[in-house]
Structures are given as structure tokens and as C-alpha cells.
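Here's a walk through one protein chain, residue by residue where it gets interesting. Have the structure open while you read.

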Amino acid sequence: MTKTGGAPRTMSAWSTSMLLQCAAFGAVTAVIIVAMSPLTSSVALASPIAYSVIGSVSSLVPLAAARWIRAPGSLLLTALIASLLALPFTALGFLIVIALGVPALTAEFVLLAGRFYIRAREPIWYLAAGALALVLFAISLLVIDPAVMSVWVVIFTFIGRMLSVLLLAVVAVRIERALSRAGIRRRYRGRGSS
């Protein structure tokens, strides 16, 4: 199919551009994960509540990628690339793909259902971040040492996850604005983007 109109070529260029941008954001995320790995490993053993806050940092750059790229799948693709790059260097091994991928997939569903990539509405953005936090919380319940598990640990772990991810969602918005102010061009921007 050799159509000379702009659609096929534009789609191909857009896909390549999206992939490259997700790869760049993913590489930054992987560096953060690997750099923080010694700290997060020791904190996870010492305090599930503290880990719920510190461990959430791995969500920042994928959230920023979704804000900046504004294309369906950008959050998930960035998280998957990051997890595959960080996989050999973390104690989680292959589980990091699940730990980053499943929350990102959940947030993507919310963004798609809310048509965020077509018309960026802030309530949808924060609802997606909340959904991401909820899945991260559920995953953390599976790995909390039963010896320290209590109602209060569960409650404060939930609060820590939710507040930290919502704060990271705010930071992602600021990163998007800073990149825009710096004059960095984006290849794609959804209608109604702010």
C-alpha cells in the first residue's frame, strides 16, 4: 500500500517519535529505580509505611511522559521500558515488570475511559493517578511481612501510597509545563491540552 497522502507517513513518524520519547523517559525512570534500589530495599524491610512513600517515586517519570507525550499507551510503554531496563539491576527481578506495568496499565485505562488524550481534564488526570496508587497499594499488601501487618500499617500504607502518587501527579504537571516553557517541542499534543 503506497499511499502518498500524509496519513500513513505521519502515523509512522508519530509512532517512531512516541517510541523514542517513551524510551527516553523510560531510561530516566530506570536510572532512578537503580539508583534508589539500595535505599528502597532497606526501607521496605524496615517500614512498609515509609516504603509506600519512597517506592512511589518510580511512578513520577511515566506520569510525566503521559503528560508530555499525550498519546494513548505512553504511560504504559514508558513504565514497561523502564522495568525492562532496570530488571537486571534490582532485587525484584522480573517482578518489576508487574510492579510497574500493572499500575501503569490501570492508569492508562482510566485516561482512555476519560478521553484524557483527546481533551485533557484535570479531574481525569488525578483519578488516573489515584487508580495507579490503589494498584500499587494492592501490590504492596502482597509483600508486606505478616509479622508487621496490622490494621494501622495497612491504613497508613494506603494513605502513604495515595498521597505520594497524587503529589507525583502534581509534579508531573509541573514537569510538563517546565518542558514547554523551556521551548522543547513535542511531536503530538492532544486537543484541549493545557
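Let's begin at a ring with a charge on it: Arg67 lies over the face of Trp125, 5.0 Å from the ring centre. For a charge to sit over a ring here, NZ of Lys or CZ of Arg has to be within 6 Å of the ring centre and within 35 degrees of the ring normal. Before going on, some ground rules: this is a predicted model, where local features need pLDDT of at least 70 and side-chain atom pairs count only at pLDDT 80 or more, while totals for chains, interfaces and linings use all residues. Residues are numbered from 1 along each chain as its sequence is written, and side-chain values use heavy atoms, with hydrogens and water left out.

**The overall picture**

Of the 194 residues, 42% are buried; buried means under 20% relative accessible area, exposed means over 50%, and partly exposed is in between (1.4 Å probe, protein chains only). The accessible surface comes to about 10300 Å², and carbon and sulfur atoms own 73% of that (Shrake-Rupley method, 1.4 Å probe). Take the contacts in the chain with a separation of 6 or more: 76% of them are between residues 24 or more positions apart, a contact being heavy atoms within 4.5 Å.

**The salt-bridge network**

The structure holds 3 salt bridges, each one a side-chain nitrogen of Lys or Arg within 4 Å of a carboxyl oxygen of Asp or Glu. Here they are:

| Pair | Closest N to O distance |
|---|---|
| Glu122 and Arg67 | 3.3 Å |
| Arg67 and Glu176 | 3.0 Å |

Arg67, Arg70, Glu122 and Glu176 are linked in a network of salt bridges. What do these pairs tie together? Glu122 forms its salt bridge with Arg67; Glu122 lies in helix 6 and Arg67 in helix 3, so this pair ties together parts that are 55 residues apart in sequence. Arg67 also forms a salt bridge with Glu176, and because Glu176 lies in helix 7, that pair joins parts 109 residues apart in sequence.

Glu122 is partly exposed, with a relative accessible area of 27%.

**Two arginines with positive phi**

Most residues other than glycine have a negative phi. Arg70 has a positive phi of about 55° although it is not a glycine, and its place is in the loop between helix 3 (60–69) and helix 4 (74–86). Arg115 also has a positive phi of about 55°, and is found in the loop between helix 5 (95–113) and helix 6.

**Aromatic rings**

How many aromatic pairs are there? The count comes to 4, where rings of Phe, Tyr and Trp (its six-membered ring) pair if their centres lie within 6.5 Å, with planes under 30 degrees apart counted as stacked, over 60 as edge-to-face and the rest as tilted. One of them is Phe116 with Tyr117: the ring centres are 5.9 Å apart and the planes are at 75°, so this pair is edge-to-face. Phe116 and Tyr117 are both buried, and together with Trp125 they form one aromatic cluster.

Ser140 lies in helix 6 (residues 122–143) and counts as buried, at 6% relative accessibility. The side chain of Ser140 reaches the backbone oxygen of Phe137 at 2.6 Å. Leaving aside neighbours within four places in sequence, Ser140 is in contact with Thr157 and Arg161.

Val148 sits in the loop between helix 6 and helix 7 (151–181) and is partly exposed, at 39% relative accessibility. With neighbours within four places in sequence left aside, Val148 is in contact with Pro48 and Val153. Val148 and Ala46 are 102 residues apart in sequence, and their C-alpha atoms are 9.6 Å apart in space.

Key
Helix = DSSP H or I, 4+ residues; strand = E, 2+ residues; numbered from the N terminus. Polar contact = N/O pair within 3.5 Å; in protein donor to acceptor, adjacent residues only side chain to side chain.
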